[in-house]
Amino acid sequence: MPKKKEKKSHQCDICQKSFGRNHTLTIHKRSHTGEKRFHCDTCNKPFAEKHQLTKHIRVHTGERPYHCDICGKSFSRSDHLTKHKRIHAGDKRFHCDKSDICGKSFTRSDHLLKHENVHTGEKPYDCDICGKLFSRNEHLTAHKRIHTGEKPYQCLICGQSFSEGGTLTKHRRIHTGERPFHCDVCGKSFHDENGLTKHIRVHTGEKPYHCDTCGKSFSQMANLNKHKHIHTRETT
């Protein structure tokens with residue numbers, strides 16, 4: 001039996017949009033009044049709706065209740081999981097119009113917009129403290145925490161705090177033992193992508209860090225920095 005359509009008898013007197021329930025209309029009206037009655041206990045950020053606060057709290061707790069059934073990756077929001085699944089489906093509907101240069105495609109429109117800054121070199125977001133420029137607003141937000149010392153992302157296991165959510169995600173793998181990045185050559189696993197990138201150079205022999213004094217090359221920046229002390233001692 002087909003589901004009976006809900007009658008939308010509750011109308012907003014500001015924009016005339018109609019709703020089936022008075023409660024939904026009340027919530028909607030907050031978009032016009034700017035009322036935000038739900039506050040985060042951690043950072044005091046206000047929200048108009050409770051479900052928005054619930055999603056936001058996961059920024060602090062690191063909770064990721066939505067799991068990809070293909071690769072196991074977890075997300076704090078269901079819409080992020082939906083967008084992620086396009087990677088497995090091969091659905092890259094957003095194409096870079098600089099096709100003669102790269103022709104790269106993306107699963108999300110916001111990823112395409114961020115990518116286009118690579119070609120334009122545009123950095124419209126500037127730090128009002130030190131003047132440093134950024135191509136993305138979220139990079140500016142993260143950068144400002146260097147000046148403020150703010151660390152809003154806290155590990156619920158050990159209490160350590162971080163300035164970026166991605167750093168907290170990597171840190172939690174120390175406790176969980178999760179190593180999601182695997183070497184295709186030898187199968188070795190790593191906590192983060194940076195560790196895998198460094199390891200792959202063992203197989204490829206790549207040494208991208210060069211000493212500007214003697215020309216010797218290294219696979220890791222840390223090894224180059226240690227090497228430079230040889231030249232420092234020679235000049236003292």
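Colleague: How many residues of domain 1 are in contact with domain 2?

Modeller: Happy to look. This is a predicted model, and its domain assignment places domain 1 at 17–90 and domain 2 at 153–204. Counting contact as heavy atoms within 4.5 Å, domain 2 contributes 6 residues. On the side of domain 1, the number is also 6.

Colleague: How many residue pairs are in polar contact between domain 1 and domain 2?

Modeller: Good one to ask alongside charge. The count of salt bridges between domain 1 and domain 2 is 0. The side of domain 1 that touches domain 2 has 1 nonpolar, 3 polar and 2 charged residues. For polar contacts, taking pairs with both residues at pLDDT 80 or more, the count is 2.

Colleague: How far apart are the end C-alpha atoms over residues 181–208?

Modeller: The unreviewed UniProt entry annotates several stretches as "domain: C2H2-type", including 125–152 and 181–208. Over residues 125–152 the chain is 43% helix and 14% strand, with its end C-alpha atoms 22 Å apart. Residues 181–208 are 43% helix and 14% strand. Their end C-alpha atoms lie at a separation of 21 Å.

Key
Residues are numbered from 1 along each chain as its sequence is written. This is a predicted model: local features need pLDDT of at least 70, side-chain atom pairs count only at pLDDT 80 or more; totals for chains, interfaces and linings use all residues. Side-chain values use heavy atoms; hydrogens and water are left out. Domain bounds come from an automatic or database domain assignment. A salt bridge is a side-chain nitrogen of Lys or Arg within 4 Å of a carboxyl oxygen of Asp or Glu. A polar contact is a pair of N or O atoms within 3.5 Å; within protein, one must be able to donate a hydrogen and the other to accept it, and residues adjacent in sequence count only if both atoms are side-chain atoms. Ala, Val, Leu, Ile, Met, Phe, Trp, Tyr, Cys and Pro count as nonpolar, Asp, Glu, Lys and Arg as charged, and the others, Gly among them, as polar. UniProt positions are given in the numbering used here, feature names are shortened, and annotations may be inferred rather than shown by experiment. Helices (H or I, at least four residues) and strands (E, at least two) are DSSP runs, numbered from the N terminus.
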